[in-house]
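Hi everyone, thanks for making time today. I'd like to walk you through how the chains in one assembly sit against each other, and then look at a couple of residues up close.

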Protein chains: 10
Amino acid sequence: MLVRLIYTSRAADSLTPESLGPIMKAARTRNAAVGITGVLVHSDGVFLQLLEGGRNAVSALYNRISRDERHHDVVLLAYDEVTERRFAGWAMGQANLSRLNPGILLKYSERAVLDPYALNGGATLALFDELIATAVIDCGN
Amino acid sequence: MLVRLIYTSRAADSLTPESLGPIMKAARTRNAAVGITGVLVHSDGVFLQLLEGGRNAVSALYNRISRDERHHDVVLLAYDEVTERRFAGWAMGQANLSRLNPGILLKYSERAVLDPYALNGGATLALFDELIATAVIDCGN
Amino acid sequence: MLVRLIYTSRAADSLTPESLGPIMKAARTRNAAVGITGVLVHSDGVFLQLLEGGRNAVSALYNRISRDERHHDVVLLAYDEVTERRFAGWAMGQANLSRLNPGILLKYSERAVLDPYALNGGATLALFDELIATAVIDCGN
Amino acid sequence: MLVRLIYTSRAADSLTPESLGPIMKAARTRNAAVGITGVLVHSDGVFLQLLEGGRNAVSALYNRISRDERHHDVVLLAYDEVTERRFAGWAMGQANLSRLNPGILLKYSERAVLDPYALNGGATLALFDELIATAVIDCGN
Amino acid sequence: MLVRLIYTSRAADSLTPESLGPIMKAARTRNAAVGITGVLVHSDGVFLQLLEGGRNAVSALYNRISRDERHHDVVLLAYDEVTERRFAGWAMGQANLSRLNPGILLKYSERAVLDPYALNGGATLALFDELIATAVIDCGN
Amino acid sequence: MLVRLIYTSRAADSLTPESLGPIMKAARTRNAAVGITGVLVHSDGVFLQLLEGGRNAVSALYNRISRDERHHDVVLLAYDEVTERRFAGWAMGQANLSRLNPGILLKYSERAVLDPYALNGGATLALFDELIATAVIDCGN
Amino acid sequence: MLVRLIYTSRAADSLTPESLGPIMKAARTRNAAVGITGVLVHSDGVFLQLLEGGRNAVSALYNRISRDERHHDVVLLAYDEVTERRFAGWAMGQANLSRLNPGILLKYSERAVLDPYALNGGATLALFDELIATAVIDCGN
Amino acid sequence: MLVRLIYTSRAADSLTPESLGPIMKAARTRNAAVGITGVLVHSDGVFLQLLEGGRNAVSALYNRISRDERHHDVVLLAYDEVTERRFAGWAMGQANLSRLNPGILLKYSERAVLDPYALNGGATLALFDELIATAVIDCGN
Amino acid sequence: MLVRLIYTSRAADSLTPESLGPIMKAARTRNAAVGITGVLVHSDGVFLQLLEGGRNAVSALYNRISRDERHHDVVLLAYDEVTERRFAGWAMGQANLSRLNPGILLKYSERAVLDPYALNGGATLALFDELIATAVIDCGN
Amino acid sequence: MLVRLIYTSRAADSLTPESLGPIMKAARTRNAAVGITGVLVHSDGVFLQLLEGGRNAVSALYNRISRDERHHDVVLLAYDEVTERRFAGWAMGQANLSRLNPGILLKYSERAVLDPYALNGGATLALFDELIATAVIDCGN
């Protein structure tokens with residue numbers, strides 16, 4: 001059974017933009033091994049991540065993420081059983097939204113900043129689609 | 001929570017077309033600060049404005065507008081919670097419909113004049129979409 | 001409130017094709033003044049007319065038409081409240097269907113003649129759309 | 001082909017409530033002969049009538065009504081082809097809404113008075129249904 | 001054109017529960033004169049009010065309310081054109097939700113308190129329906 | 001924003017049926033404080049729990065549950081934004097499905113045992129509804 | 001494959017009401033042998049018959065009927081593939097509509113007479129349902 | 001009222017492919033006179049014909065066809081009231097499916113032969129559309 | 001994953017009605033062990049069976065049935081993934097349709113005999129529902 | 001009646017990739033004779049086959065396949081009555097998915113391997129469509 005999960009979190013002080021690269025690299029290797037694909041976007045210490053894969057694998061990964069002390073305020077935004085992945089080609093795409101055209105954020109948000117805590121699940125999924133469509137994501141391969 | 005609000009009003013005598021420019025410029029600055037986008041059209045002393053943004057911000061702005069003595073007969077035409085903005089790219093577009101092809105007004109109105117007091121909310125939204133599509137709006141940037 | 005009305009009638013003997021021109025010209029002037037647009041088609045003494053405009057204006061015009069002694073057997077075929085006009089650009093288009101490709105009539109009729117008395121309202125509206133699409137109408141401007 | 005037509009009008013001064021009885025009686029006889037059924041409601045000089053029957057018969061009756069000098073401001077409110085009548089059992093029901101519980105009017109109107117000129121066609125049909133359901137109508141048999 | 005409007009606000013210190021009675025009494029008289037019906041609920045200094053009536057009348061009343069200094073933080077929650085009123089029989093119903101079974105609030109809210117600022121428009125309308133259905137409202141007649 | 005979350009897990013050896021009572025009692029107190037309601041069912045060391053409440057509260061509780069060493073194999077089965085709770089009246093209902101008519105399980109499962117790991121999210125929600133409807137749940141008040 | 005067929009016809013002079021009984025009796029025997037059920041209604045020399053059964057059987061029977069010189073003007077009104085019969089219990093019901101409450105005919109017809117030539121197929125099926133519901137049919141067993 | 005009728009039949013021995021030409025020519029003349037259009041396909045002695053036109057005209061033609069001794073096993077496959085013809089431009093198109101790419105038949109049939117007796121009405125209509133789209137039909141003009 | 005499968009078959013000569021009892025008894029034991037429920041109906045040597053259960057279990061059972069030499073002409077009629085069983089309470093219901101009111105068969109069939117080879121899958125499922133509703137089935141417990 | 005059937009199975013040791021060619025060739029001849037079309041894909045000893053054709057023919061072929069000792073664990077994945085074939089042009093297409101871009105499998109599966117036992121019927125059909133669209137299939141002609 002395939003599922004799609006979206007969550008948001010805030011980076012702990014120890015998690016700098018520079019340290020993100022190696023973390024992502026390790027994550028991609030682990031994810032490929034369990035068939036997980038998806039996208040991670042971040043901006044000013046806020047993360048928004050979409051995970052697709054088997055239900056057990058995604059659930060186990062989310063549970064591990066929610067215990068990871070490098071971020072906190074982990075909030076689940078969306079979780080759906082899906083018949084096919086939307087992001088099957090993304091080992092784990094990545095984007096720093098600080099460099100983003102603010103209009104894309106404004107389309108779905110009250111302000112032109114990334115604040116997933118104020119968005120519903122459908123809006124975050126629409127935002128991911130928009131980011132893919134506008135080629136903002138670094139595919140991570 | 002994002003909302004879209006449309007209202008109409010009639011200009012007081014003190015509000016001349018010439019005085020509209022500085023007013024709009026100040027409004028755009030204030031709106032940007034609170035994440036409000038939209039479009040204002042006017043014709044022969046009648047205003048029709050569409051506002052998009054966070055619910056509290058739009059409500060506060062509308063309440064302030066309804067108290068503003070430079071116009072009167074402020075009537076709310078439409079108000080909806082939306083999942084995404086239609087006019088995210090418009091800091092506050094503007095158009096003088098007196099210079100408009102009368103056919104666009106006739107499509108939605110009984111007569112070829114701007115009379116939002118005789119239109120329902122859906123027709124006014126369709127009119128805004130038509131104005132954008134026909135590039136009548138000055139984007140205000 | 002915008003409405004669309006379609007009716008049919010039979011010309012009285014006094015109404016010759018030659019006399020139709022001045023009548024239409026006067027009608028267009030009156031219609032423009034009250035915001036009415038539409039199309040009139042005729043063939044062998046049968047009229048089929050579509051009127052769009054404000055409810056009171058269209059109703060008043062139809063009532064006047066039904067009293068006009070230059071035609072008789074006036075039958076109302078369709079009447080709907082609409083959110084936008086389909087024929088906003090036609091002051092009062094006109095076509096003599098006697099010169100028409102009979103296939104267009106056959107598509108909606110049992111025989112290849114204009115007999116609106118045997119058509120339901122939806123078929124007459126579809127026929128008007130087909131006439132516009134095939135550019136048979138003289139726009140009357 | 002069965003149709004349902006609703007119109008409104010204002011009584012001329014010559015049309016007193018007392019004179020309505022004989023008029024209705026004559027109308028019922030004529031209507032039965034041509035298969036027309038329906039309901040007439042009035043209040044303070046405003047009429048609202050619903051007619052059901054064959055398309056030609058209803059159209060002819062409406063045209064005659066719109067020429068009748070005992071009322072004026074005849075406005076067509078609704079006209080639909082129907083697969084079955086809703087008011088097949090009413091030769092021509094009648095009610096004086098001046099004696100009505102004002103709440104029924106308020107449900108569909110801005111004010112608790114009968115003002116069909118301010119109602120759309122759907123609301124007038126809903127009002128007729130409500131009047132039948134609350135047994136306000138004198139069946140006229 | 002009938003509309004339904006819902007807003008919320010916070011009472012100023014000067015607005016005590018005791019002073020609400022005379023205010024409501026005056027409001028009912030004014031509302032009846034302009035055809036406005038509805039319901040007001042309050043709890044711990046928070047108001048939630050639903051207004052139904054003609055578009056111009058409701059808009060004018062809301063604009064006056066938003067200027068009234070006896071409350072503040074006036075936020076528009078819902079505004080819809082409707083074909084019939086749901087609360088036609090309520091001159092202006094009233095309820096103090098402090099005396100309410102907390103379960104009704106919990107059904108639509110995160111906590112068992114009245115906090116309309118955290119509810120979307122649809123949830124507030126559902127809450128009004130639930131209050132009417134459970135006979136919590138004092139009809140104000 | 002209200003959400004509904006369903007998860008399943010397996011009890012660690014240390015979690016005996018006898019120890020469940022005090023745990024549930026403490027949970028109900030904590031849940032009431034944050035506005036969480038729901039139902040927990042268990043059978044032969046398998047748990048299936050439904051939580052309703054505010055998004056942040058439910059997310060925080062789920063994250064804490066997934067870290068709790070008294071059970072393992074925590075898998076998220078369903079997570080939806082809802083406009084109203086279905087289980088608003090249940091502080092945290094509870095049932096031991098070992099005592100259940102096996103037919104209820106068979107209706108949604110391949111075998112007559114509680115195995116949520118083999119069910120999709122919709123089936124688990126249907127199972128909760130069925131348990132409530134057949135009064136199997138101890139309401140926990 | 002099951003089908004439902006409705007046709008109408010006019011009796012030849014030789015087909016008197018008295019002669020109908022033996023004809024129907026013979027028809028029921030033949031129909032039972034090929035699995036055909038249905039209803040026949042007649043009034044003043046007009047027949048309206050509904051047949052249900054296998055496609056080949058119904059088609060063969062209709063072809064034979066259309067050749068039968070005891071009636072003429074045979075017109076097919078409706079023919080549909082169906083997943084189940086509506087009139088499975090009627091070997092061939094029968095009713096003389098001359099004895100019918102005229103209101104039932106008026107509900108679907110312009111006049112209170114049986115004139116299937118002026119009805120569409122859906123209206124004739126609705127009429128059959130109404131006749132069954134009002135127990136006008138002699139079940140013919 | 002426009003209808004579309006589809007039937008199938010088997011040629012009697014006397015009906016050779018060579019004799020079909022003059023028969024079709026005569027049919028086209030007769031059909032044009034009564035406003036009937038359509039398509040006839042045949043293959044190895046099986047006919048499948050689609051007729052469109054007025055209800056009375058189509059019914060009369062079908063009745064005549066079912067009596068024609070040049071073919072037998074006439075089975076009605078589909079009969080529908082339609083708002084517009086699909087084959088208005090075909091006086092009576094014709095095709096010998098023996099020369100057809102067998103794939104088109106296989107798409108709708110169990111075997112790659114024309115056997116309308118094994119098809120439902122919808123499949124035969126889809127087959128006609130496919131034949132027109134692939135230009136297999138000789139338009140017969 | 002739950003599925004529902006319906007098949008039909010013809011009994012071999014060796015399968016007499018008398019021998020069916022012990023076979024069914026053994027089948028119920030085996031089915032209960034793998035979570036399969038359902039209904040078997042037979043009439044004059046024709047079987048129609050509905051199976052519900054896990055996908056692998058139902059598939060394995062069907063494959064074994066299709067190899068069983070006590071019947072032949074095994075044809076699959078329906079196979080669907082379902083979210084819940086309709087026949088969860090039937091270990092394997094059974095009915096001899098030879099004793100059935102023929103009207104139930106006639107409702108779904110061309111003739112009043114059980115011939116599943118001529119029925120589509122939907123009709124067979126409707127027939128099973130009808131048999132349960134009319135209490136014809138021996139529940140087999 | 002046309003049906004579409006999908007099943008999966010595991011190759012017995014005796015079924016090597018080399019032996020598949022002659023088997024497929026023989027199968028295509030047999031299938032063409034009974035009007036069966038479809039596609040077979042395999043990967044690492046797992047087969048996934050889609051069959052389209054007449055109900056009796058497909059059922060007979062599936063029954064024979066399920067008895068064939070060259071593979072085992074035959075599980076039915078989907079079976080539907082269809083109005084037209086999707087794979088009418090494929091005598092029996094074939095593909096070795098071991099040579100496939102793993103992304104196509106990942107789109108529908110938890111891991112990038114062909115494991116139809118973990119897929120529902122709809123996902124397998126979507127996978128077949130994707131394989132056709134990406135031209136991976138050897139058409140087998």
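Before I quote any areas, one term: buried area is the accessible area, taken with a 1.4 Å probe, that two parts lose on being put together, summed over both. Please also keep in mind that this is a predicted model.

Let's begin with chain F and chain A. With that definition, these two bury about 1,600 Å² between them, and carbon and sulfur atoms give 44% of that area. In terms of residues, 23 from chain F are in contact with 23 from chain A. Which residues of chain F lose the most area to chain A? They are Arg55(F), Leu76(F) and Tyr79(F), which together make up 32% of what the chain F side buries.

What about polar and charged pairings here? The count of salt bridges between chain F and chain A is 0. Polar contacts are another matter: there are 16 residue pairs of that kind between chain F and chain A, counting pairs with both residues at pLDDT 80 or more. If you want to find this surface on your screen, look for α2 (55-67) and β4 (71-82) of chain F, the elements that give two or more residues to the side touching chain A. Of the elements on that side, β4(F) gives the most, with 8 residues. Sorted by class, the chain F side has 13 nonpolar, 6 polar and 4 charged residues.

Now for the symmetry of this pair. A rotation of 180°, with 0.0 Å of shift along its axis, puts chain F on chain A with an RMSD of 0.0 Å. That is how copies about a two-fold axis are related. In chain F, the C-alpha nearest that axis belongs to Tyr79(F), at 2.7 Å.

Next, chain A and chain B. What rotation superposes chain A on chain B? The angle is 72°, again with 0.0 Å of shift along the axis and an RMSD of 0.0 Å. This is the relation of a five-fold axis. Within chain A, Ala133(A) has the C-alpha nearest to the axis, and it is 19 Å away.

At this interface, 7 residues of chain A are in contact with 12 residues of chain B. The two chains bury about 800 Å², with 48% of it on carbon and sulfur atoms. Three residues, Leu106(A), Lys107(A) and Glu110(A), supply 61% of the area that chain A buries against chain B, more than any other three.

Here the rule does find a salt bridge across the interface, 1 in total. Lys107(A) pairs with Glu84(B), and their closest N and O atoms are 3.5 Å apart. The side of chain A that touches chain B has 2 nonpolar, 2 polar and 3 charged residues. Chain A and chain B also have 6 residue pairs in polar contact, both residues at pLDDT 80 or more.

Some pairs of chains do not touch. Chain C and chain G have no contact, and their closest C-alpha atoms lie 11 Å apart. Chain D and chain F have none either, with 27 Å between their closest C-alpha atoms.

Let me finish with two residues. Is Met1(A) buried, exposed or partly exposed? Its relative accessible area is 33%, so Met1(A) counts as partly exposed. Met1(A) sits in the segment before β1 (2-11) of chain A. Beyond its neighbours within four places in sequence, Met1(A) is in contact with Gly53(A), Gly54(A), Arg55(A) and Glu81(A), with Leu119(F) and Asn120(F), and with Glu110(J).

The other residue is Thr8(I), in strand β1 (residues 2-11) of chain I. Thr8(I) is buried, because its relative accessibility is 0%. The side chain of Thr8(I) reaches the backbone oxygen of Phe47(I) at 2.6 Å. Leaving out residues up to four places away in sequence, Thr8(I) touches several others, including Val46(I), Leu48(I), Asp73(I) and Tyr117(I).

That's my tour, and I'm happy to take questions.

Key. Residues numbered from 1 in each chain as written. Chains lettered and ligands numbered in written order. Predicted model: local features only at pLDDT ≥ 70, side-chain atom pairs only at ≥ 80, totals over all residues. Heavy atoms only, no water. Least-squares fit on C-alpha atoms with pLDDT ≥ 70 in both. Contact = heavy atoms within 4.5 Å. Salt bridge = Lys/Arg side-chain N within 4 Å of Asp/Glu carboxyl O. Polar contact = N/O pair within 3.5 Å; in protein donor to acceptor, adjacent residues only side chain to side chain. Nonpolar A, V, L, I, M, F, W, Y, C, P; charged D, E, K, R; others polar. Helix = DSSP H or I, 4+ residues; strand = E, 2+ residues; numbered from the N terminus. Buried < 20%, exposed > 50% of the residue type's maximum accessible area, 1.4 Å probe, protein only.
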